[in-house]
Amino acid sequence: MSQELEAAMEEEEDAGHMQADLEQEEPEPRLRDTPEDISFEAAANTIAFHPSQDILAAGDVDGDVYVYSYSCLEGGNRELWSSGHHLKSCREVSFSHDGHKLFTVSKDKSIHILNVEEGRLVTRFSKAHSSALNSLLVIDEHLFATGDDGGMLKVWDLRKGTSIMEMRQHEEYISSMAIDENKKLLLTTSGDGTMGVFNIKRRRFELLSEPQSGDLTSIALMKRGKKVACGSGEGTIYLFNWDGFGATSDRFAVKAESIDCMVPVTENVLCTGSIDGVIRAVNILPNRVIGSVGQHLGEPIEQLAKSHTGQLLASCGHDLKVKFWDISSLCSVVVDDYRKRKKSGQLKALSSKALGGREDFFADLREEAEAPKEEQEEKSNSDDSD
């Protein structure tokens with residue numbers, strides 16, 4: 001009897017060892033350079049990273065808002081919650097600086113403020129503007145600004161529950177906004193080709209820049225706030241000196257059909273998204289296209305965002321995907337003032353996922369023989385210093 005019991009115990013122990021061996025043989029999730037793509041049922045217009053956690057928010061053309069946690073582990077992305085409160089396209093999303101709230105604006109003229117943890121609607125301004133909302137900027141824990149398709153700018157105070165400044169200086173839609181570190185001067189770009197300057201501490205309009213040829217689509221503060229870069233629908237970056245907002249100090253024609261969005265990566269380098277689907281890294285002063293970070297194959301890019309660690313760039317495009325790119329190498333890029341111009345070539349791949357080595361894709365992106373006019377536009381003005 002004791003021998004049978006002993007044999008049964010040995011058999012059970014062997015089975016336990018076999019199970020343990022099988023568990024050990026199960027592969028660990030593979031660690032990737034970047035998180036996997038996130039696919040949506042409708043095109044995402046807008047994306048934003050959480051200021052301190054590995055969380056990303058996206059708003060789509062159907063008015064839905066999604067919040068995901070992301071990870072470089074294979075299969076690590078997870079939808080936390082979604083919201084369908086907007087009746088029309090969600091045009092912009094932005095986290096509060098503490099990361100507890102998510103602000104969203106929509107073509108339906110409403111502003112929503114959601115609780116990030118639960119996705120619960122906290123505050124709604126249902127008819128915030130008389131025209132469709134297009135842009136949003138969170139200024140501090142109390143103030144935020146919104147711009148609409150008719151050129152109206154509003155600054156809101158959450159303590160009062162209403163707007164405290166309303167000005168319509170632009171003739172076309174407000175495409176993007178930026179503010180200085182002192183939270184004093186708010187800068188706007190518009191489809192009318194001008195940059196607007198508003199003093200929000202004194203609640204007054206300061207000036208409009210000279211109109212440029214083509215829409216101004218995006219804005220970034222560079223060189224520790226000494227330079228303002230504006231992207232345009234014609235593929236040119238216009239540079240302004242701080243406190244010299246009336247006229248451009250320099251311009252740089254990027255070899256792209258358009259610059260629809262851009263985000264600063266360092267004090268000298270920014271990334272641009274274009275209608276051709278390519279994400280370019282661009283150095284400011286000296287003005288140089290460094291290379292390609294990645295691409296949405298032949299699909300226009302709507303928006304770019306940089307993660308809280310500064311290691312990742314996210315992009316959303318018309319291919320119904322949010323893609324992630326490793327931009328850690330851009331932090332160490334140094335661009336020399338002088339170089340021999342290449343008569344032909346292709347964009348240098350700056351990440352493992354960029355298709356810089358694929359001749360078939362980049363054949364149409366090769367530099368054309370430079371006309372004298374293009375060469376002059378790419379050169380920085382000799383009197384323009386950092």
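Author: A charge sits over a ring if NZ of Lys or CZ of Arg is within 6 Å of the ring centre and within 35 degrees of the ring normal. This is a predicted model, where local features need pLDDT of at least 70, side-chain atom pairs count only at pLDDT 80 or more, and totals for chains, interfaces and linings use all residues. Residues are numbered from 1 along each chain as its sequence is written, and side-chain values use heavy atoms, leaving out hydrogens and water.

Reader: Ok. Which charged end sits over the ring of W325?
Author: That of K353, 4.8 Å from the ring's centre.

Reader: New topic. How many aromatic pairs?
Author: The count is 11. Rings of Phe, Tyr and Trp (its six-membered ring) pair if their centres lie within 6.5 Å. Planes under 30 degrees apart are stacked, over 60 edge-to-face, the rest tilted.

Reader: Why is the pair F125 and F144 tilted?
Author: Because the planes are at 50°. The ring centres are 6.4 Å apart.

Reader: And where are they in the chain?
Author: F125 is in strand β9 (residues 121–125) and F144 in strand β11 (residues 143–148), 19 residues apart. Strands are DSSP runs (E, at least two residues), numbered from the N terminus.

Reader: Is F144 buried or exposed?
Author: Buried, at 0% relative accessible area. Buried means under 20%, exposed over 50%, partly exposed in between (1.4 Å probe, protein chains only).

Reader: What does β18 pair with?
Author: With β19 (residues 227–232), antiparallel, over 6 bridges. Two strands pair if DSSP finds at least two bridges between them.

How values were computed. Helices (H or I, at least four residues) and strands (E, at least two) are DSSP runs, numbered from the N terminus.
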